[in-house]
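Please keep the sequence and the model in view while reading.

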Amino acid sequence: MRKVMGLRKAVALGATLTLAAVVSACSSGSSGGGGSRTVNWWTWDDKQAAAYEACATDFEKAHPGVTVKISQYNVADYFTKLTAGFVAGSAPDAFQNSVQFFQAYASQHQLMPLDDFIAKDKFDLSRFSVGVDAWKFTDGKQYALPLDWAATGIYYDADALAKAGYGKKDVESLTWNPDDGGTLGRMIAHLTIDTKGRRGDQPGFDKAHVKTYGYGQVAAKDFIGQTTWSPLVDTTGWRLGDKPTWPTVFNYTDPRFVKTMDWIRSLTNKGYAPKIGDFAGSVSDVDLLSSGKVAMESAGSWEAATFVKIPHLKVGIAPTPYGPDGRTRAVLSNSNGNNIWAGTRNPDLAWQWVSYMGSESCQSKASQTGTFFPSIPAAMDSSAKALAAKGVDLSVFTDMLKNKVLYPSPVYGNGAALQDALEPMFEAYFAGQKDDSVFTDMRDKSRTLLAKS
């Protein structure tokens, strides 16, 4: 009988237990009575926690006496709990990790390099579509197997677009530039409607009383802008760092970046897109589209299955716009990794579980939910076919993979400090409290923090 921490219980733990209680409750793959063994795996993603239960069941059948314990914690607490576990010697055997924390954990020697396991089992890293190089540290060693991948698409209310005179082909062929916004800018203006029914490009439009924004919140305070401004500025050839891996500075003073941010701020100033904080509380992208408060928005691929299942709403999915040259799309794709804790008491068992999670059979089964994209192309194809039968068309994203539209997220150091320092600067800029000079401050701050270990 499996002894798995159920999803409901895991969520409750993440919300209610004190840090000390969580640390004392977590065991590192300890051996139990009767020769049974447990491998603990942590994630912040409730959907992946549920999806990988199927793999855990199969793994236990193939390894009699082994129990896989999957625990999920709220992302706001997750990395604090991990760090506390490292200090207390009670971290999980293996866990999902973000590149944002890779450098810190690796430099603290909390991650186990996987090279010897990979060589011993002749584990083929080329099976993964993205993410392998993102988990190579400065010492040249491989510290994780890619667990998933993500991209950004445009989700739209098909009826709202039809009423505005647009069809599927129009939104799939959008172009953008930082000078006048291209056809994307014109569509956003026309889709915006005030409370008296006037559109954003019509005389008398009242930006102070908007009923439906043409576009969702693209004025983001996160310093990467993965699902907001990144798919726009990236089409100009701009990239976040001066190097694709371990950059020394972020390119916030590049004229292409500055012009893009100015254009995005103009959308909020004109009332075509919401400002940061316009919607009280935690309102999801799905909630905004379903409520009619936005006509279209860019959002993550992991939300595709949820978007298309919104009751009484026909949701379309389109690729992000072409850039100023009319033919270039560029979409940042990050890949979370599956790490093994350096302090695990069962390194071989932890590797067996992590490598099984990195197999086509496991990823094909787990990804049938459509709530995440598996990192193995064959598993992705299997997932796409299964979801297509349920009315969820993922071809926009699989085409990005096949057409090489995606580029990997940069691997950088000191991610938590960068986030804490840069987010307020972005927020002040989009609130109109700072002008373009803030980008020099942001660049200088990034250089300082990236230089720290």
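Helices (H or I, at least four residues) and strands (E, at least two) are DSSP runs, numbered from the N terminus. With that numbering, Trp246 is placed in the loop between helix 11 (230–233) and helix 12 (255–270).

## Confidence of the model

The structure is a predicted model. Mean pLDDT for the protein is 89, and 91% of the residues reach 70 or more. Residues 1–35 are a stretch in which pLDDT stays under 50. For that stretch the model has 66 contacts beyond four places in sequence.

Five strands make up an open sheet with mixed pairing, in the order 2-1-3-12-4. Its edges are formed by strand 2 (66–72) and strand 4 (145–146), each of which pairs on one side only. Strand 1 (residues 37–43) runs parallel to strand 2, and seven bridges join the two. Within strand 2, Ser71 is the residue opposite Trp42. Strand 1 also pairs with strand 3 in the parallel sense, here over two bridges. Trp41 has Ala94 of strand 3 as its bridge partner.

Strand 3 and strand 12 pair in the antiparallel sense, over four bridges. Asn97 stands opposite Gly337, a residue of strand 12. Which residues cover the two faces of strand 3? On one side are Ala94 and Gln96, on the other Phe95 and Asn97, and all are buried. Helix 15 (residues 347–357) lies across strand 1, strand 2, strand 3 (94–97), strand 4 and strand 12 (337–340). The helix runs at about 50° to strand 1.

Strand 6 (residues 152–157) and strand 10 run antiparallel and are joined by four bridges. Opposite Asp157 stands Val315 of strand 10.

## Nonpolar cores

In soluble globular proteins, nonpolar side chains tend to be buried together. In this model the largest nonpolar core has 82 residues. Tyr252, Met296 and Phe397 are the residues with the most contacts inside this core. Leaving aside neighbours within four places in sequence, Phe397 is in contact with Trp149, Ala151, Thr152, Gly153, Tyr155, Ser301, Ala304, Ile317 and Phe373. Another core, of 34 residues, lies apart from the largest one. Among its members are Val68, Leu114, Phe128 and Val354.

## The disulfide

How many disulfides does the count come to? The count is one disulfide. Cys55 and Cys362 form this disulfide, with their sulfur atoms 2.2 Å apart. Cys55 belongs to helix 4 (residues 53–62) and Cys362 to helix 16 (residues 360–366), so the pair ties together parts that are 307 residues apart in sequence.

The torsion about the S-S bond of Cys55 and Cys362 is about 110°, and the disulfide is therefore right-handed. Cys55 is buried, having a relative accessible area of 0%. Cys362 is likewise buried, with a relative accessible area of 0%.

Most residues other than glycine have a negative phi. Trp246, although not a glycine, has a positive phi of about 50°. Is Trp246 buried or exposed? The relative accessible area of Trp246 is 18%, and because buried means under 20%, this residue counts as buried.

Asn414 is also not a glycine, and its phi is positive at about 60°. The residue is located in the loop between strand 14 (406–408) and helix 19 (415–430). With 19% relative accessibility, Asn414 falls under the 20% limit and therefore counts as buried.

Key:
Residues numbered from 1 in each chain as written. Predicted model: local features only at pLDDT ≥ 70, side-chain atom pairs only at ≥ 80, totals over all residues. Heavy atoms only, no water. Pairing = 2+ DSSP bridges. Contact = heavy atoms within 4.5 Å. Axes fitted to C-alpha atoms, helices over the stretch in contact; angles between N-to-C directions. Disulfide = S-S within 2.5 Å. Buried < 20%, exposed > 50% of the residue type's maximum accessible area, 1.4 Å probe, protein only. pLDDT = per-residue confidence, 0-100. Core = buried A, V, L, I, M, F, W, Y, C linked by side-chain atoms within 4.5 Å.
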